[in-house]
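Here are some notes for a colleague who is opening this structure for the first time. Each point takes up one place in the model.

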Amino acid sequence: MPTIRRYNRSFDTSLEDDDGNLVWDELGIQMWCIRQTDAWRKSNGLTLEGCYEACRREIWPQLDSHRWHIACRDTVIKSKIAVLMGCASSGKTHTPAWVYLLEYWCYPQETCVLVSSTTMPSLKKRVWGEITMLWEEGVHKFPKLAGHLLDSAVAITTDDIEDYEEGERKARSMRKGIFGIACVVGGKNVGLSRYVGIKQKRMRLIADEAQMMASGFLSAFANLNNNEDFKACILGNPDDILDPLGRAAEPKEGWSENYLEPTKTTSWETRFMNGRCLNLLGTDSPNFDFPEDAPTRYKYLISREKIADTLSFFPKDSQEYYSQCLGVMKIGTMARRVLTREMCVRFGAFNEAHWGTGERIKVYFVDSSYGGDRCVGGSAEFGKDVTGKIILSLNRPKIIPILVGAGEPEDQIARFVKADCESEEIPGDNMGHDSTGRGGLGTALAREWSNKTHPIDAGGRPTKRPVNSDIMVTDEETGMRRLMRCDEHYDRLVSEFNFSVRYAVEAGQIRNLSEEVMEEFCARKWDKVRGDKKSVEPKDGTPQKPGYKQRMGKSPDLADWCTGIVEMARRKGFIIAKLGNPDAAKKSQSDWFAKEAAKLEEARKARQLQEV
């Protein structure tokens, strides 16, 4: 019996399986090594990624090895959640395709790999096409490798079952194999919702084009994670820090300038499920490791020529250049958001409130909705903390249920608010409600509880209140220095309400801000319009100029509730103080007063009589 001695054991190199294939050839031995424990591999001087690489050389010896290949391989193999984010033509789809395919071949009876993309044509053109090409090459060279390709069902199944019509799924086949999923069907983004109930010992997911998925795409991961062994690889070209790719790639300490626009390929730990992101920078491609006048070494990777072609159509500051050539998040994507995570962390918005002595005032607000959007209510309180600063502490907002057949929606909301406010001893005069559009809630509140509540219509013009106690202007009529008014700073009231939250955060006055509320503020864009006024994007837009709901697929109900809470607090005496850099503000104002004093002194001297 011919044998080979490896790793302190003998392998019978003549042993064949039922189909006459050699069991213990080099590929079989390396796949056996993959199935062993980390402790066993360590004791034999092996690593899991090294065993994968040895199998790759056996099955696909023609494939290149370069530093991007090694970085992607190690990230996918070592990480529970791997995010490969980068430029076009960076090999993002290739690595999870061969790694998860090889893992399936090692465990064909207990592995399910879901492969998702936007549409079916895009799926077949990109990651599914890569997998099927690698699978066909592998089974042609090593017929013992598992799987039966079903083109019509976009599946590779372990069981040899009869082919069937596209879209059909048989339970026994869906649990063992590799399966393609289109997340956009009939123009509707359905995500992974139809597949989250699949159970298998080893569940894997390749999520391609994640930047194009709906906002709720990542919510399916919680269900998939209920499997015994779940891992995923999320792929895409960076576009926005709050699309699914941006959220999956978010660093543990949040997006900041430390992670935006890196100058080299880099990686970091992520907040999402304790994963790891590898950011592949186009101008750091392995093709740049060779002289500029040398032929392009890796034709399939981004190169100097491909970048030059893009620049012939798009400028360097364009989103196309950043996404397709650089493959990095642009710093500008954070510049004009109502809030950022870094801002909230810096100014303590997530911190607990530590109250000092003195009165605390409670307020309540309802962002009302009567179907479709969420109806959100909740309270907050403001007063002095232990340092004497006036702070506003938010309680967690509540979704108010609107039930069919339980009476008019306004009456249901009014009864809920009455019970909630009475339990917290909040009087009607400290409660506000959204009166935009359908305005019957005030009447219902008066009938069920109190006629002293505050209707707040965010659709009007900004107020004439000071923006805060920090921003000053010179009055055009009097020439005197005074605080800037909101109607001079904002284009409309909804902008004032959103920026009141921002300035309160920057002033270090917000406490207990929740992640969910923060995320909606981070998603809301703003710009400057005529008169240099700040303008928050509309909630509803048009196909030509989409608003928040069109971009994000939902309404910012939690953020709208928070703006109402801050507005109610302001009406009851909460004052937004100086911004978070008081020294700079103080210096700015003192400089102005010093200049004015100098002018006055010069004018006084000019009018003095001179001795002759």
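Is His 433 buried or exposed?

1. His 433 has a relative accessible area of 3%, so it is buried (under 20% relative accessible area; over 50% is exposed and in between is partly exposed, with a 1.4 Å probe and protein chains only). The residue is found in strand S18, residues 431-434. Helices (H or I, at least four residues) and strands (E, at least two) are DSSP runs numbered from the N terminus.

2. This is a predicted model, in which local features need pLDDT of at least 70 and side-chain atom pairs count only at pLDDT 80 or more, while totals for chains, interfaces and linings use all residues. Residues are numbered from 1 along each chain as its sequence is written, and side-chain values use heavy atoms, with hydrogens and water left out.

3. Leaving aside neighbours within four places in sequence, His 433 is in contact (heavy atoms within 4.5 Å) with residues including Phe 365, Val 366, Leu 441, Thr 453 and Pro 455. Ser 368 is 65 residues from His 433 in sequence, and their C-alpha atoms are 6.9 Å apart.

4. Gln 412 lies in helix H15, residues 409-423. Gln 412 counts as buried because its relative accessibility is 9%. Its contacts, apart from neighbours within four places in sequence, are Pro 401, Ile 402, Leu 403, Ala 406 and Gly 407.

5. Helix H3 (residues 48-59) packs with helix H4 (residues 67-78) at an angle of about 120 degrees, their axes 10 Å apart. Axes are lines fitted to C-alpha atoms, for helices over the stretch in contact, and angles run from 0 to 180 degrees between N-to-C directions. H3 is therefore oblique to H4 (under 35 degrees is roughly parallel, over 145 roughly antiparallel, 65 to 115 roughly perpendicular and the rest oblique). On the H3 side the contact is made by Leu 48, Glu 49, Tyr 52, Glu 53 and Arg 56, and on the H4 side by His 69, Arg 73, Asp 74, Ile 77 and Lys 78.

6. Several residues of H4 are buried, among them Trp 68, Cys 72, Thr 75 and Val 76. The cover over the buried residues of H4 includes H3, strand S3 (81-86) and helix H5 (94-106).

7. Helix H18 (residues 493-506) and helix H21 (residues 557-571) have axes 9 Å apart and pack at about 80 degrees, which means that H18 is roughly perpendicular to H21. Glu 496, Phe 497, Asn 498, Ser 500 and Val 501 of H18 meet Cys 562, Thr 563, Val 566, Glu 567 and Arg 570 of H21.
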